[in-house]
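Me: Hey, I'm new to this one. Can you walk me through it?
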Amino acid sequence: MENYSQNDSISKLVKCKFPLSHSPLVHCITNEITIESVANALLYINAKPVMVADIREFPELFEQIDSLFLNLGHISPEREIALLEAGKMASSMRIPFVIDLVGIVISKIRFDLSKELLDFKPTIVKGNISEMRTFCGLSSHGRGVDSASSDQSSNSVDELMNAMFEKAQNHPETTFIATGATDLIVSKNSRLELKNGVPELDRFTGTGDIVGALMTALVEHEHDGLVAGVAAISYLNICAENAIESTEGLADFRQETLNQLSLLINNEYWYESIRGALHA
Ligand SMILES: Nc1ncnc2c1ncn2[C@@H]1O[C@H](COP(=O)(O)OP(=O)(O)OP(=O)(O)O)[C@@H](O)[C@H]1O
Ligand SMILES: Cc1ncsc1CCO
Ligand SMILES: [Mg+2]
């Protein structure tokens, strides 16, 4: 395994992702708690958000969108129907889409829904480390929508990386991503760890939703979930590293992290700050 210093091969992967060469129209079915932050985060990186949950509009809307974000954060019977219908349509129309496993540790309803959505061959399935452990059938200490520090020990992270790699062998079209102090990005042929970010990212709500939406903006028609995942996580986490330098208090930190989403683009060499390791 390579070390966690700035890593040339990872940097080369993501170099081309920012700034976006066009403004992709990103359809989000997401939770009401963070929906405004998610929409603005997409606008700050020059993508176009559109939040639509009424399935009657899907046939026309799906002719217009470039990618789709399906977030399980606040489900209801109607939302469940919309998530499944959207996954089915994206799959049949070959529109890249991302599933965010928010709160999957809470109930069997969310767990079963995530498995149904997996059948539609998403480009990316992501969650925090505890959520991804539940999804992979491992024990998990997650509470509500947050991950547990006990799931972040190096043994637990190694165990999760192996479980995700096994999943990827059975689902070769999908990239599996677990976020936390260490982020794991796994596809059929690749395993990566990323180490940017600051612990305060776990202290305001919506960072997971935002990073999920950012990767949705970056998936392209060749459905490259791995590169989109690495670029989105690294970009947000380096924004947060910049923000922590100049702020005090969580509300200011939140504001400045979001502000940095629109500013870091101006640094042509932002990707040189990525710390990661690529497993052979
Ligand atoms: N302790 C940490 N150190 C560094 N970066 C972190 C840490 N915890 C989370 N992050 C970063 O914050 C972002 C969100 O990850 P996190 O695992 O908190 O998502 P989540 O729990 O799904 O978020 P949400 O609060 O929206 O539910 C990711 O980019 C991740 O790399
Ligand atoms: C707090 C919370 N509860 C359901 S979704 C959500 C936002 C974080 O994803
Ligand atoms: Mg969190």
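Reply: Two residues are in contact if their C-beta atoms, placed from the backbone, lie within 7 Å. This is a predicted model, where local features need pLDDT of at least 70 and side-chain atom pairs count only at pLDDT 80 or more, while totals for chains, interfaces and linings use all residues. Residues are numbered from 1 along each chain as its sequence is written, and chains are lettered from A and ligands numbered from 1 in the order in which they are written.

Me: Ok, where does UniProt put the "binding site"?
Reply: The unreviewed UniProt entry has that feature at Lys-126 and Thr-179; such annotations may be inferred rather than shown by experiment. The two are spread over 54 residues of sequence but cluster in space, with a largest C-alpha distance of 7.7 Å.

Me: Is Lys-126 buried or exposed?
Reply: Buried, because 30 other C-beta atoms lie within 10 Å (20 or more means buried, 12 or fewer exposed, in between partly exposed). Lys-126 sits in strand S5, residues 124-128 (strands are DSSP runs of E, at least two residues, and helices are runs of H or I, at least four, numbered from the N terminus).

Me: What is Lys-126 in contact with?
Reply: Beyond neighbours within four places in sequence, its contacts are Val-98, Asp-100, Leu-101, Ile-177, Thr-179 and Gly-212.

Me: And where is Thr-179 found?
Reply: In strand S6, residues 175-179. Thr-179 is buried too, with 27 other C-beta atoms within 10 Å. Leaving aside neighbours within four places in sequence, its contacts include Lys-126, Asn-128 and Ile-233.
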